[in-house]
Amino acid sequence: MLKLRSGLRRLCATTAATAAPAAVCSHNEWDPLEEIVVGRVDNACVPPFTVEVKANTSERYWPMYAKSGGQSFPREFVDRARIEVENFCAVLASEGVVVRRPDVVDWSFVYETPDFKSSGMYAAMPRDFMIVVGDEIIEAPMAWRSRFFEYRAYRSLIKDYFGRGARWTTAPKPTMSNELYDLDYPIESVSDRHRLAARGSFVTTEYEPAFDAADFMRCGRDIFVQRSQVTNRFGIEWMRRHLGERYRVHALSFRDPNPMHIDATFLAVGPGVVLSNPDRPCHEIDMFYKAGWKVVKPPPSVLSDEHPLWMSSKWLSMNILMLDERRAIVGRNEVPLQKCLASLGIQSILVDMPHANSFGGGFHCWTCDIRRRGTLESYFPQFD
């Protein structure tokens with residue numbers, strides 16, 4: 001076992017003082033950040049109002065989706081979000097982080113496969129599309145039809161990383177035929193969401209592997225994932241087998257009426273520290289306590305209820321990005337959260353992104369860390 005651990009710790013580390021760092025290397029959510037991909041809001045389009053979109057969005061916005069599917073998001077929000085994201089990139093660069101961006105793509109084009117017809121959405125959330133595990137980039141087989149061709153915006157970036165030594169895997173591309181979805185998913189209200197969640201029902205079936213990368217949380221050798229509206233058990237099992245014995249994939253579940261992406265529900269911010277959404281408690285929390293982890297309940301967001309959040313909730317406030325164990329990118333107005341983090345010894349670097357939040361993501365969602373300076377470790381001794 002000691003020999004195995006030693007080998008794992010050396011993964012992605014330089015072999016000599018003169019060796020160049022790996023092009024891609026990240027093992028967790030908190031090691032010192034060196035390079036990152038930040039998404040783009042350019043040409044963002046409202047996805048068509050299909051069954052999987054309806055299941056993942058608030059009924060407050062259903063009329064917008066029904067009316068505007070395939071059209072651009074409101075110009076005012078796109079322009080303001082673009083300014084916010086550019087400022088976010090500038091802050092990251094000022095902290096010494098290399099920032100990479102996806103290509104600009106026209107998402108209004110309509111495409112058709114033998115199984116469905118749709119228009120695109122955006123390339124705003126790299127965290128949804130890809131996950132870095134060690135020196136490998138894994139492209140996710142995302143479950144929304146409007147995101148089928150999202151990989152096109154990232155292809156030149158990933159080819160560059162591959163050319164510089166990274167491993168590159170694309171998970172099985174789903175057909176997204178009708179069999180992947182419960183086309184009669186009976187959701188018309190908040191009470192429906194709670195009832196369906198209580199019985200473990202989801203809009204995605206087990207017809208073929210599907211997952212969004214943002215449903216996975218990396219803690220060294222242990223990777224945690226939730227079964228959600230966009231991630232099925234088939235997809236989780238594909239990831240488990242693909243990663244093999246080097247990693248341990250654990251499924252978590254939460255008291256959540258509409259699970260989609262784990263990082264505004266449960267987010268590791270350091271070795272042994274996790275933010276746990278108090279509105280969505282984790283059913284398997286004992287495994288973290290047993291490993292000696294500190295479970296912290298962040299305070300609610302200060303964002304106004306009137307601010308539009310088309311694909312998410314106000315809990316995006318906890319969707320922070322760790323620059324290292326002691327520094328985090330945090331919303332400028334989220335003073336209660338800043339105080340919570342300060343009590344953990346974490347300094348908040350303040351950035352405004354309210355209009356970018358409207359598109360469905362916080363700082364963690366809008367990014368995918370490509371390189372963090374660290375080695376592969378085990379933080380759950382009960383599994384060693």
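This is a predicted model: local features need pLDDT of at least 70, side-chain atom pairs count only at pLDDT 80 or more; totals for chains, interfaces and linings use all residues.
Helix H8 spans residues 233-243, and its buried residues are Gly 235, Ile 236, Trp 238, Met 239 and Leu 243. Because these residues cover an arc of only 160° around the axis, they lie on the same side of H8. On the other side of the helix, Arg 233 and Arg 241 are exposed.

After H8 comes Gly 244, which has a positive phi near 75°.

## Individual salt bridges

The structure holds 34 salt bridges, among them one within helix H7 (residues 190-198), where Asp 192 and Arg 195 stand 3 residues apart, about one turn of the helix, and where their side chains meet at 3.0 Å, N to O. Asp 192 is buried, with a relative accessible area of 14%, whereas Arg 195 is partly exposed at 37%.

Another salt bridge joins the side chains of Asp 305 and Lys 314 at 2.7 Å, N to O; here Asp 305 counts as exposed, with 53% relative accessibility, while Lys 314 is partly exposed at 29%.

## A salt-bridge network

A network of salt bridges links Glu 34, Glu 35, Arg 100, Asp 160, Arg 164, Arg 371 and Arg 373. Within this group, the side chains of Asp 160 and Arg 164 meet in a salt bridge of 3.1 Å, N to O. Arg 164 is partly exposed, at 42% relative accessibility, and Asp 160 is likewise partly exposed, at 30%.

Methods: Residues are numbered from 1 along each chain as its sequence is written. Side-chain values use heavy atoms; hydrogens and water are left out. Buried means under 20% relative accessible area, exposed over 50%, partly exposed in between (1.4 Å probe, protein chains only). Helices (H or I, at least four residues) and strands (E, at least two) are DSSP runs, numbered from the N terminus. The arc is that of the directions from the helix axis to the C-beta atoms. A salt bridge is a side-chain nitrogen of Lys or Arg within 4 Å of a carboxyl oxygen of Asp or Glu.
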